[in-house]
Amino acid sequence: MALTSSPPSSLLYRPAKWPSVLYAVGMVSVFLGERLLDSGRPQNIAGILGIVLLLVAIGVRLGRQAKLPEAHRAPERTLIALYLVGLFGVVLYFLNSDLLLRLSGKSLEQRVPRVAGALGALWPALWLAGTLPVLFVELAAASMAKAPLLEVGRIRAALLSGLGIAFALVFCFAVTYVATERNKNADFSYFRTSRPGESTKKIVAALDKPVQIHLFFPPGNEVREEVEGYFSELARLTKFLEVQRWDHAIHPAKARDLGVSGNGIIVIARDALKEQIGMPIEIDRARGQLKGLDGDVQKRLLGVTRKQKVAYFTVGHEERSPDAAGAHDLRGTVRTLKSILVDQNFEPKDLGLAQGLAREIPADASMVMILGPQKAFEPMELAALNRYLDRNGRLLIALDPEAGLTMSELLAPLSLKYEPVTLANDKYFMRANYQESDHVNIGAATFSSHVSITTNTRFGARAAILLMGSGSLSKQEKTAAGIVNLDFTVRTDGDTWGDRNGNFKFDEGAEVRTAHDVVAAVTKRNASAIAPEEEARVVVMADSDLLTDRALRNLGNGYILLDVIRWLGGEERFTGQVSNEEDVPIEHSRKQDLVWFYLSIFAAPALVLAGGFFATRKRRSARRGDQAPPPGPVPATEVPR
């Protein structure tokens with residue numbers, strides 16, 4: 001009689017996944033304790049719990065191995081070995097962490113720096129090699145559940161696959177580290193010469209006298225072709241711009257008349273005034289300068305077409321300056337601001353007691369700037385500034401909340417009030433120190449339609465202004481005669497609050513989230529004024545940090561500074577963007593950084609693993625289909641009676 005036989009259930013392989021779950025939970029607990037939880041009791045509990053779970057997982061595997069038959073012990077031995085490697089990596093991490101410092105008062109880096117450096121590179125590799133292959137071995141063991149015969153080769157293949165991926169990741173990390181330490185740059189960026197910007201076009205279109213552009217380049221030169229294209233576009237805007245092309249070797253007399261010593265020179269001339277721009281004649285060397293050609297041309301155009309003006313900076317009250325006052329002065333400097341003024345054909349000068357600040361503002365002052373004073377002005381100085389405004393003066397006031405100055409003597413006649421309370425925002429801010437104090441580094445992207453903010457208004461959120469510890473402005477009733485027009489040009493986000501207690505945290509009930517005005521443009525006219533230009537112009541900023549060198553790296557801050565300078569100088573018709581093709585660093589918000597972090601750390605490897613898993617399953621299914629027996633009756637196994 002023929003019967004079908006099957007092996008007893010006691011001989012079938014039954015994998016156990018829950019020890020690996022304990023192992024994974026233990027690793028997560030150690031991570032939480034060391035990276036996310038506060039130091040102290042929560043951190044200690046999480047770390048101890050993680051180590052206990054790892055030891056329990058190893059103990060369970062050892063006990064299970066002792067009970068299984070020899071043919072079913074291969075997965076258990078493999079997993080025990082991986083667990084031990086992962087545990088050893090965690091032990092090395094703790095040796096190189098602050099634990100040794102807390103126990104003995106001296107860290108491993110202080111004791112043996114080279115060993116600490118070696119362990120810092122070794123423990124992540126061991127941890128990865130002892131953790132990632134566990135998943136592959138568990139999947140291979142699960143695929144052979146209830147199998148009468150365990151395929152040791154499949155376990156070995158899964159182990160090697162996991163180790164291969166782990167070693168590949170370690171290699172990638174090592175290459176990235178070496179590349180970071182030995183940084184070598186190569187320029188593969190797309191090159192394009194800057195085109196005439198809106199502001200430069202307005203300056204050229206307003207020309208009322210001829211301006212000659214002399215280009216000294218050899219014929220057939222690539223740089224010459226780029227420069228000619230730029231000036232040809234400008235020449236189409238007006239009949240007063242004439243472009244002439246020369247070669248120094250062929251026209252030495254003309255070069256001598258213009259003061260040119262060789263090729264690679266652009267001369268912008270009007271009557272007896274001449275300005276030069278030097279440029280390499282090799283295209284590879286000239287690329288960087290060609291990207292910023294529009295800014296250089298605008299600076300030289302202003303130098304030959306407009307009389308130089310004077311911008312006075314008040315001194316004597318610890319205002320911001322181009323250079324730090326000393327080794328302990330950590331405030332941002334305004335070197336870039338003064339450079340921009342020079343580019344706009346202003347001559348910066350100091351204005352203190354010696355220059356007449358307590359008597360009368362000099363008659364040649366085109367504008368006066370008060371940048372972040374830390375000490376109060378004397379009554380005579382304030383009176384002189386108010387008299388200057390009565391004479392239709394132009395004033396830029398930038399204050400800081402930490403100084404506690406409100407400048408009410410100047411602001412009250414302008415219907416303005418300054419609130420010296422630092423603003424904060426925990427949703428939209430710039431990370432600098434990775435501390436809660438970064439909440440005061442906020443962005444403002446709500447702009448009015450005032451001409452002093454033209455460029456920022458046009459670009460909107462792409463030209464947001466960076467504030468690094470700003471107060472706020474508000475309107476109050478006028479206290480002086482005259483016609484005052486007030487426009488708040490920049491406003492913060494609605495999630496901003498005044499951090500009155502200085503803890504950088506939003507205190508529900510004590511503080512209120514709302515939008516705050518941070519920049520104001522004011523015009524003041526006497527009742528007897530007739531001509532439209534007979535008015536005083538004032539721009540008040542609630543944060544002088546937005547004009548510092550660091551803040552002006554942000555495009556939005558540069559735009560508002562240029563437009564404010566032109567509006568105060570009475571040249572608002574020239575407001576607009578300066579064209580620049582130089583690369584700008586990509587900046588992400590805190591939420592965007594988190595998204596990119598988790599996508600790169602978890603999502604991308606998960607997609608690779610999932611793709612490999614399904615591809616392997618599909619290949620195995622196809623192989624099994626090829627090896628399947630032909631359809632028909634299966635012969636029964638002959639069992640002896």
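In what order do the four strands of the open sheet stand? This is a predicted model, and in it the order is β2-β1-β3-β4, with mixed pairing. Select β2 (241-246) and β4 (273-278): these strands stand at the edges, and each has a single partner strand, so one side of each is left without a neighbour in the sheet. Direction ignored, neighbouring strands here are turned by 20° against each other on average.

Stay with the sheet and select β1 (residues 211-216) together with β3 (residues 265-270). The two strands run antiparallel and are joined by five bridges. Within this pair, Gln212 stands opposite Ala269 in β3.

Next, select helix α1 (residues 18-36) and helix α6 (residues 113-143). Their axes come within 11 Å and cross at roughly 150°; the crossing is left-handed. Show side chains at the contact: from α1, Ser20, Tyr23 and Met27 meet Trp127, Gly130, Thr131, Val134 and Glu138 of α6. By type, the residues of this contact are four nonpolar, three polar and one charged.

Last, go to Ser452, in the loop between β12 (446-447) and α16 (454-459). Is Ser452 buried or exposed? Its relative accessibility is 3%, so Ser452 counts as buried, the cut-off being under 20%. Then display Thr489, Ala521, Ile560, Asp563, Val564 and Trp567, which are the contacts of Ser452 once its neighbours within four places in sequence are left aside.

How values were computed: Residues are numbered from 1 along each chain as its sequence is written. This is a predicted model: local features need pLDDT of at least 70, side-chain atom pairs count only at pLDDT 80 or more; totals for chains, interfaces and linings use all residues. Side-chain values use heavy atoms; hydrogens and water are left out. Axes are lines fitted to C-alpha atoms, for helices over the stretch in contact, and angles run from 0 to 180 degrees between N-to-C directions. A crossing is left-handed if the near helix is turned anticlockwise from the far one by less than a right angle, and right-handed if clockwise. Contact means heavy atoms within 4.5 Å. Ala, Val, Leu, Ile, Met, Phe, Trp, Tyr, Cys and Pro count as nonpolar, Asp, Glu, Lys and Arg as charged, and the others, Gly among them, as polar. Buried means under 20% relative accessible area, exposed over 50%, partly exposed in between (1.4 Å probe, protein chains only). Two strands pair if DSSP finds at least two bridges between them.
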